[in-house]
Amino acid sequence: MDRAKSERLFEEAKKLMPGGVNSPVRAYGNVGTTPPFIARAKGSRVWDADGNEYVDYVGSWGPMILGHAHDAVVEAVRETAKNGLSFGAPCELESELAKTVERLVPSVEMVRMVNSGTEATMSAIRAARGFTGRDRIVKFEGCYHGHGDSLLIKAGSGMLTTGRPSSKGVPADLAKYTLTLQYNDAEAVRELFGKIGDEIAGVIVEPVAGNMGVVPGKPEFLRTLSEETRKHGALLIFDEVMTGFRVDLHCAQGLYGIEPDLTTFGKIVGGGMPVGAYGGRADVMKQIAPLGGIYQAGTLSGNPVAMAAGLATLRELESDPGHYATADARAAELVDGLKRAAGKAGIPAAVNRVGSMGCLFFAEGPVETFADVQRSDLDLFKRYFLGMLDRGIYLAPSQFEAIFVGSAHTSGDVAKTLEAAEEVFETLKPQVER
Ligand code: KE4
């Protein structure tokens, strides 16, 4: 596949922006090829600067559950933009989106709009610390919650050892307040809270992990988080930036029947425009400025154009359950087909899926923990990724990301993808048989 124009554009971009990108994963560092520069997108397809067409399973990393450039969303943006892009003042559309989020997610009694998932999780952590007066937070290895300082922390060696920064520029004195446990390890949660539960401000967790590939939270693990935080006066934060309105119209908390104290949103809540949000218990949210002493602000928060995109997206999802039925069915066809094709070629593979987000791991299953994920063969993944890209299948360039299927994906898209996968797996066989 000729990507000469993307190569030229990438050389120029690398002189202008770090790594030529505005978000690291897009630089294709893991897979060692030029990232296609995307020129346009519609439905389940994207086209690069060289005119190559791809079936898209990145979907802007989650927002495009309706498919790209959905008519209702584009129309809403176009009509709203005519009246101005941003006022820095209250506007009715903010209340409309807030009402919709609060209706669809019962645990959210009050919500604050921000501009990204990172802003949402950063603010939710501050809310937990401000509300409880405590400093320590707990996260889980393999979960990603954006690039806020307190969340760029990897596990310390033991459970109680303080976190170590996973990025330069994060002060050790701050990192020490973040403890990292193993995902899906309910016993470790009980043990930690038994020791220092009354020092913990909050626990933040992806109810379905989507940043180590897709690893569903076990119901007992999530229930334990809810019980232990409640018992010790800490807050449970569900980071639903990825799962929110993805795995269900009522989010992962709707699927699991667990009500967190706070929830963070991003991606789909903005329909492709920069929107994040955090919300939950009214007694917590009423501590946020200007009502209370926990400060958080944003120039473009709640701007009408972004609100219009999010509102049109959620309204479309709420009005037609067929979107979830189609996206989930196509996702099931896809991941089950990938598993079968890999098996036929004798390639060790496991798949996980929740709704329309899934993952193919190049590892024997089951994949239920971060340790399981780490058994994946990253070289096999890289060769699979490159083979699929050259056959017009646009996947996330990392084993530790999700496949996103939307309601615009057709059975034809899936068939094309599985045909490509069968060809690629054939080329991988010798590596496996060696
Ligand atoms: P943003 O700041 O990128 O909008 O959201 C951060 C974030 C927070 N929480 C969860 C569960 C997330 O998945 C994310 C962002 N997800 C990544 C994809 N794995 C965004 C892609 C990127 O970093 O470019």
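About 280 Å³ of space lies in the second largest pocket of this structure, where the volume is the space filled by probe spheres set on grid points that are joined across faces, edges and corners. A pocket here is an open set of points on a 1 Å grid over the protein atoms alone, where a 1.4 Å probe fits and protein lies on both sides within 12 Å along at least five of seven lines, and lining residues have an atom within 4 Å of a point. The model is predicted, with local features needing pLDDT of at least 70 and side-chain atom pairs counting only at pLDDT 80 or more, while totals for chains, interfaces and linings use all residues. Residues are numbered from 1 along each chain as its sequence is written, and side-chain values use heavy atoms, with hydrogens and water left out.

The lining of the second largest pocket includes Glu94, Arg112, Met113 and Gln296, and by class it has four nonpolar, five polar and two charged residues. In this division Ala, Val, Leu, Ile, Met, Phe, Trp, Tyr, Cys and Pro count as nonpolar, Asp, Glu, Lys and Arg as charged, and the others, Gly among them, as polar. Helix H3 (92–104) and strand E4 (110–114) each supply at least two residues of this lining; helices (H or I, at least four residues) and strands (E, at least two) are DSSP runs numbered from the N terminus.

The ligand is surrounded by 16 residues, the closest being Ser23, Thr118, Asn211, Asp239 and Glu401, where near means that a heavy atom of the residue lies within 4 Å. This shell divides into five nonpolar, seven polar and four charged residues. Because domain 1 (4–69 + 321–433) and domain 2 (71–319) both give residues to the shell, the ligand lies between them; the domain bounds come from an automatic or database domain assignment.

| Residue and atom | Ligand atom and distance |
|---|---|
| Gly117, polar backbone atom | oxygen, 2.9 Å |
| Thr118, polar side-chain atom | oxygen, 2.6 Å |
| Lys267, polar side-chain atom | nitrogen, 3.0 Å |

Taken alone the ligand exposes 540 Å², of which the protein buries 86%, with accessible areas from the Shrake-Rupley method and a 1.4 Å probe.

Some backbone features remain. Most residues other than glycine have a negative phi, and most peptide bonds are trans. The bond from Ala289 to Pro290 is cis, with omega near 10 degrees, and Pro290 sits in the loop between helix H9 (282–285) and helix H10 (304–319). Tyr28, although not a glycine, has a positive phi of about 65 degrees.

Definitions and conventions
A polar contact is a pair of N or O atoms within 3.5 Å; within protein, one must be able to donate a hydrogen and the other to accept it, and residues adjacent in sequence count only if both atoms are side-chain atoms.
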